[in-house]
Amino acid sequence: MRDYDEIVAFLGEWGPYQRFIFFLLSLSVFPNGFGGLSIVFVGDVPEHRCLIPGNLNLSEVWMNRTLPLVQEGDKLQYSKCRRYRLDVISNLSETFPDLDFFNMSEVEQEPCLDGWEYSKDQYISTIVTEWDLVCNNDWKGPFSMSVFFLGVLVGSFFSGQFADRFGRKTVLFGTMAVQTGFNMLQVFSPNWEIFCLLNFLVGIGQISNYVAAFVLGSEVLGKSIRIAYSTLGIGTFYAFGYMLLPLVAYFIRSWQILLFTLSLVGLLYIPLWWFIPESPRWLLLKGRNQEAEAILRLIAKKNGVTPPAELFTDLELEDIKAKNLNSLAITHLVKTRNIQSVTIINILVWMILAIGYYGLSLNTPNLHGDEYLNYFFSGAIEIPANIAAWLFLQKLTRKFSISGTLFLGGVVLFFIQLVPSNLSVLTTVLVMVGKCANTCAFTMVYVYTAELYPTVVRNTGVGVSSTASRLGSIISPYISFLVT
């Protein structure tokens with residue numbers, strides 16, 4: 001009895017049509033590279049301090065002393081969240097015109113009751129300046145990203161089910177529309193709460209789009225091409241999207257215009273509906289045999305091969321459906337000691353990889369040097385990382401490849417603590433090397449996890465591991481808070 005891969009073997013592994021679909025499906029994840037991580041610029045925190053109303057009758061000397069000095073690291077800086085009581089300052093300015101005769105430490109302080117004044121040197125506006133997400137509200141900035149990852153978590157639960165029920169192609173384009181549409185709506189958010197709600201929905205759309213593209217490519221492309229597709233294809237085009245974000249953000253310094261401009265990219269994918277086919281495997285599982293046969297014959301025509309008169313028998317169709325239904329419940333992931341160990345280790349590895357990847361990505365603004373160049377390099381380093389992942393999967397054992405890259409990334413990031421503060425360029429280089437190793441391991445772990453589980457629990461095992469990574473990504477926006 002032939003399985004599906006044997007049935008479609010006559011099409012060849014790497015014909016003109018497969019190359020065309022490889023490119024289009026890889027291109028479909030391009031917006032994912034900048035969609036979620038746009039918060040790095042949209043939610044960046046400019047320099048700020050308490051706003052001092054202009055109607056106070058204060059001399060320039062007293063105006064410059066309305067803010068207390070605080071120790072931040074090894075430097076004295078004006079407080080960003082406190083000011084001296086303005087009514088007291090106003091009275092004192094009349095009594096003590098010369099500050100040399102007065103000790104400011106005796107003056108009572110108050111929070112920024114009139115709001116904040118933000119530097120316009122880098123940004124016209126961000127969501128931080130829009131809704132004052134500083135001081136007591138500084139937790140709201142990273143929470144905005146955590147909400148996105150919460151949407152990714154929810155999308156992870158349902159994306160596979162939607163793709164199984166409605167089709168890979170329908171979900172691919174439907175979730176692309178969700179991602180694009182809600183990104184546009186975010187521009188008109190009246191408050192932070194609505195922005196977070198829309199960010200949650202964008203997260204659902206983004207992961208569902210990624211999963212649909214991954215599954216559709218795995219089912220349309222040949223066995224020998226699937227590893228290249230998941231690394232050189234999807235991984236590289238994701239990196240290209242990642243690299244586009246700082247280029248656009250450099251020229252657009254308003255968060256609304258930046259989000260709107262990035263969301264317009266999604267509209268360019270509408271014509272792909274007429275070029276990307278539905279998965280023939282899924283059509284066969286749904287009993288839509290004629291549609292599946294038509295697509296397979298079209299692929300044969302594009303590849304210049306002659307298909308057999310009868311593509312599949314009734315018995316082969318029944319066998320394909322039976323294999324698809326032959327899966328076990330999630331409890332089987334902990335039923336035996338061997339599978340239990342594999343599951344626990346996978347959960348830990350996936351969570352650590354997600355925390356490391358997104359923690360490093362979102363922390364890019366804190367690196368020394370130009371923020372836009374650093375972010376560009378952070379995306380560019382993923383291209384050699386994906387190439388390395390593809391080579392390792394081809395030439396080395398899975399265990400050595402993953403453990404080796406994890407060890408390299410951990411050691412490099414650990415040694416950052418030993419780098420003197422005056423060698424900040426070296427710190428940035430080490431961060432990029434660590435990011436490269438982390439990305440490489442993250443790319444390979446998808447393939448390795450799928451191979452560790454038996455067929456009947458493979459989808460469930462990968463799903464549970466992926467869910468663990470989403471929990472790690474929810475935590476990751478707060479990693480930068482550890483430096484304070």
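This is a predicted model: local features need pLDDT of at least 70, side-chain atom pairs count only at pLDDT 80 or more; totals for chains, interfaces and linings use all residues.
Residues are numbered from 1 along each chain as its sequence is written, and side-chain values use heavy atoms, with hydrogens and water left out. Local features need pLDDT of at least 70 and side-chain atom pairs count only at pLDDT 80 or more, whereas totals for chains, interfaces and linings use all residues.

Cysteines were examined for disulfides, defined as pairs of cysteine sulfur atoms within 2.5 Å. The count comes to two disulfides. Counted along the chain, the bonded cysteines follow the pattern 1-3, 2-4.

C50 lies in strand β1 (residues 48-50), and C112 lies in the loop between β5 (109-111) and β6 (116-118), so the pair ties together parts that are 62 residues apart in sequence. Helices (H or I, at least four residues) and strands (E, at least two) are DSSP runs, numbered from the N terminus. C50 and C112 are both buried. Buried means under 20% relative accessible area, exposed means over 50%, and partly exposed lies in between (1.4 Å probe, protein chains only).

The other disulfide joins C81 to C135, at 2.0 Å from S to S. C135, at 15%, counts as buried.

C196 is in no disulfide. The nearest cysteine sulfur to that of C196 belongs to C135 and is 18 Å away. C196 has a relative accessible area of 6% and is therefore buried. For C440, the closest cysteine sulfur is in C436, at 6.5 Å, which is too far for a bond. C440 counts as buried because its relative accessibility is 2%.

Helix packing was followed around α11 (residues 226-251). Axes are lines fitted to C-alpha atoms, for helices over the stretch in contact, and angles run from 0 to 180 degrees between N-to-C directions. Angles under 35 degrees count as roughly parallel, over 145 as roughly antiparallel, 65 to 115 as roughly perpendicular and the rest as oblique.

The axes of α11 and α18 (residues 382-395) come within 8 Å and cross at roughly 170°. The two helices are therefore roughly antiparallel. Contact means heavy atoms within 4.5 Å. On the α11 side, the contacting residues include I227, L232, F240 and M243. On the α18 side, they include E382, I387, W390 and Q394. By class, this contact has 13 nonpolar, five polar and one charged residues. Here Ala, Val, Leu, Ile, Met, Phe, Trp, Tyr, Cys and Pro count as nonpolar, Asp, Glu, Lys and Arg as charged, and the others, Gly among them, as polar.

Helix α12 (residues 255-264) packs against α11 at an angle of about 135°, with the axes 10 Å apart. α11 and α12 are therefore oblique to each other. Their crossing is right-handed. A crossing is right-handed if the near helix is turned clockwise from the far one by less than a right angle, and left-handed if anticlockwise. L245, V248 and A249 of α11 make the contact with L258, T261 and L262 of α12. The residues of this contact are five nonpolar, one polar and no charged.

The axes of α11 and α20 (residues 424-452) come within 10 Å and cross at roughly 140°. This pair is therefore oblique. α11 passes α20 in a right-handed crossing. I227, S230, T231 and Y242 in α11 meet K435, T443 and V447 in α20. The contact of α11 with α20 divides into three nonpolar, three polar and one charged residues.

Two further residues were examined. P384 lies in helix α18 and counts as partly exposed, at 40% relative accessibility. The C-alpha atoms of P384 and A437 are separated by 9.8 Å, although the residues are 53 apart along the chain. L198 lies in helix α10 (residues 192-220) and is buried, with a relative accessible area of 9%. Leaving aside neighbours within four places in sequence, L198 is in contact with F182, L185, Q186 and S189.
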